[in-house]
Amino acid sequence: MKKLVLILFCFFGLTLLSGLPSQKEGIIRIRIAQHQEVYSLQAKFPWLAIIDAQENYVDAYATNEQTNEIISAGYQVTILIDDYQKELAKTLQGYHTYAQVCSLMYVVRNQYPEITKLETLGLSTQNRVILAMKVTDNPQIEEPEPEIRLVGAHHGNEKISTEVTLSFLKYLVENYGINQTVTDLVNNREIWIIPILNVDGHISNSRYNGAGVDLNRDYGYMWQASSPSPWSQPETRAIQKHSQDNNITLEYEYHSTASYVNYLWDYHPKDPPDSSYIIAISQEYADSTYGSATTRLTKINGFDWYVARGSAQDAIFGIWGGIGTTIETQQPSQQARIDSICVANRRALLAMITRAGWGISGTVRDSFTQQPLFAMIKFTNPKRWPVYTDKTIGDFHKMVSPGTYTFTVFANGYQPKTYTVNVPSTGAVNFDIDLVPDTSNLYYVQKIVWVRRDNSSSYLDATWTMDGLGKPDSVYYSLGSISNSTIVLEADPPIRNFPRADFTIFEGDATPESYQVYVTNDWRGTWFSCGNGNGTTSFDLTTAGLDSARYIKIIDASGAPTTNPYAGFDLDGIAYVKPTSSIYESPVSGISISHKSYLIFPNPAKNYVKIICPKSHPKQKIKIFNISGNLVKELDLFDEIIWNTRDQNGSYVPSGIYFCVFDNGKEKTQQKFVIYR
């Protein structure tokens, strides 16, 4: 039945409308005096979809209206292709359609069930399935192995990206048990292959998704108003969720129209601390694409090419710590050249996926229960970007070059541990790390959801977002100096409301600067104000009317744009009060009546609430009200009842604080509880 449903989705997708009405789009060449002008060009026309930027010209997609606007601004423009979609249609004979990709992935799953698992990541804007194939020796279980993700067709008109990923999938399954390199990789890695992320754009031959959004500008790291909001599209949210559920060590995103191994950052000229290693493996990837001018790639820094804010590769590294790289290849019409590109990238991928298991690996557990822990692995000497453990099995993998490294393992509620290790030239150093519970009363926020810093000083910013995470240490992240500068962070476990200040935001320098603070249990909203801060400030969830909060949003409010690279509020860390027990495991006693207790649990709840009354009490009415005092549900209670968290109309109630009022005809009592989606 599942197979039939998926095939219907794949083929029915061909009959759906292609999305928003669009104008004819061509490819234009804009003359510039020197490459540096590409940045001012992007500032003048932030909507410009650049394909390539060279020393004296920029190639871009543009409608007639957009072309005229650029010409009116004084630029010399040449129309290279008048109607790109019409021209593209002439070259597509050698490329797979979406329906063919769906069918092929089903064939692979059915022929190689022992090493593949076909998953649906989600639905596109126009409700088509986004497929991902997991390739590993035990695909039905999660193992402590490095995870690699290959993503095709962020831009639907870049068809070669689908061919490269699909060809690699076929090569892996067909050579498992035959080719020793392939067999070793499948046995010791988890390889995720997503041939078409932008399904709607792939069908309509459009760069954009079904809502007209460039997906590779919609990711939540250094996003800049190039889409409705960070993570605004279902396609990018599917990648976000996949990244939360799977600990990606290495990712390649495939594109076309140039011949580059494009390494991060895309948004900023200052290289990250892992830069030397990232450049080295980018060069190694490029060196593996030898063969012809069609296949050969060269490495290039993303920002040095042109600016891209909210890109996939910046997000996978900036938020989760995995190394992301954008591969740009040519898109020929001849089958032989398509095949040669696939073979050249296959050589590179085999080498890089081997490398994904080199460096430092480990598993972090509770020393008493041996349960896996979510932890941040922070590298201090030399400084490197942090990575995180997998929330399900507790493993982590950090790709580094050979050398000596010092790192510390931080998990909320546990004493940190520090290690110094010598990393060899090949292979990994592995650690089994048992953390001892800590008696400290504080937790620290260690995770970013999204961040925006797009004022005029953002290219001068000398600080890293990672320095605003974990325990305050006087090393900080400067948020910026205008109201658009925002960071959203996740508290794990959530912050609880106690009869005192619940969390403190630490200012990183000696100059107090102002900011606004909001909290929620759903990072997409609704947000509740916790007030304003100035320098290091403590906050109480009571101000926001919440019993718990998982997400914190900080918006800089310190003034006008400035060229100071340390402008705006300087986030050094967020500490919050440690709950005395797990909020997800322990039933919470209600109000005592005749030495008996009403019980409501779990509290917070998600999809159900179990309510138990004292057995000495007769049948009674229960009324459930929201925080505004509106009745949402009325129930009859004997000994116990399970409420499915739906209101009188059958709809799930939103996250928030609720009150359960018990009325047995003689007395009324009430108890507060929280629903968290």
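A cavity is a set of points on a 1 Å grid over the protein atoms alone where a 1.4 Å probe fits but cannot get out, and lining residues have an atom within 4 Å of a point. Points are joined across faces, edges and corners, and a volume is the space filled by probe spheres set on them. This is a predicted model, in which local features need pLDDT of at least 70, side-chain atom pairs count only at pLDDT 80 or more, and totals for chains, interfaces and linings use all residues. Residues are numbered from 1 along each chain as its sequence is written, and side-chain values use heavy atoms, without hydrogens and water.

The structure holds eight cavities of 30 Å³ or more. Here are two of them:

| Cavity | Volume | Residues closest to the centre |
|---|---|---|
| Largest | about 220 Å³ | Ser-243, Gln-244, Trp-320, Lys-391 and Lys-447 |

What about the nonpolar residues? A nonpolar core is a set of buried (under 20% relative accessible area, 1.4 Å probe, protein chains only) Ala, Val, Leu, Ile, Met, Phe, Trp, Tyr and Cys residues joined through side-chain atoms within 4.5 Å. The largest such core has 129 residues, and Tyr-285, Phe-503, Ile-505 and Ile-554 touch the most other members. Leaving aside neighbours within four places in sequence, Tyr-285 is in contact (heavy atoms within 4.5 Å) with residues including Tyr-252, Tyr-254, Asn-345 and Met-352. A second, separate core of 23 residues includes Ile-30, Ala-60, Tyr-75 and Phe-303.

Terms used:
On a 1 Å grid over the protein atoms alone, a cavity is a set of points where a 1.4 Å probe fits but cannot get out, and a pocket is an open set with protein on both sides within 12 Å along at least five of seven lines; lining residues have an atom within 4 Å of a point. Buried means under 20% relative accessible area, exposed over 50%, partly exposed in between (1.4 Å probe, protein chains only).
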